[in-house]
Amino acid sequence: MSTTSHHDDRVANMKFFSVYPHYVTKVEKKGRTIQELHQVIEWLTGYDEKKLQDIIDNKVTFETFFKEASLHPNAHLIKGVICGYRIEDIENETTKQCRYLDKLVDELARGRKMEKILRVI
């Protein structure tokens, strides 16, 4: 299933601060910690906790969130289906990067080991 331009625009214009609490709830419900969530986000984007808080406070969109990020060189190893889309088939970069983050949060919530989530080779 490929994404539409409407879908890509919607993803790009979503505010990170509005989705972040859902990430927190998802991982905490499954017994994982906010620190582990932040570790996953930092691995993918390079954002430390202070920068992450600035992003939340400034109500940054996902488009800006990923434009300013330093994506991890192993991010391309994140594969699979999330939200009904096969990540490796998504053409729009912002949408693909957003799904990378969704996939990592999902793996964390499912109890996957951190070494596997962070694609330690």
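This tour goes through the aromatic ring pairs of a predicted model. Residues are numbered from 1 along each chain as its sequence is written. Local features need pLDDT of at least 70 and side-chain atom pairs pLDDT 80 or more, while totals for chains, interfaces and linings use all residues; side-chain values use heavy atoms, with hydrogens and water left out.

Start with the whole structure, where a search finds eight aromatic pairs. Rings of Phe, Tyr and Trp (its six-membered ring) pair if their centres lie within 6.5 Å; planes under 30 degrees apart count as stacked, over 60 as edge-to-face and the rest as tilted.

Select Tyr-47 and Phe-65. Their ring centres are 5.1 Å apart and the planes stand at 65°, so this pair is edge-to-face. Tyr-47 sits in the loop between α3 (34-45) and α4 (49-57), and Phe-65 in helix α5 (residues 62-67), 18 residues apart. Helices here are DSSP runs (H or I, at least four residues), numbered from the N terminus. Both Tyr-47 and Phe-65 are buried, that is, under 20% relative accessible area with a 1.4 Å probe, protein chains only.

Next, select Phe-62 and Phe-66. With centres 6.2 Å apart and planes at 20°, the pair is stacked. The two are four residues apart in helix α5, so about one helical turn separates them. Phe-62 is buried at 0% relative accessible area, and Phe-66 counts as buried at 5%.

Finally, select Lys-59 and Phe-17. Lys-59 lies over the face of Phe-17, 5.2 Å from the ring centre; the criterion is NZ of Lys or CZ of Arg within 6 Å of the ring centre and within 35 degrees of the ring normal.

Technical notes:
Buried < 20%, exposed > 50% of the residue type's maximum accessible area, 1.4 Å probe, protein only.
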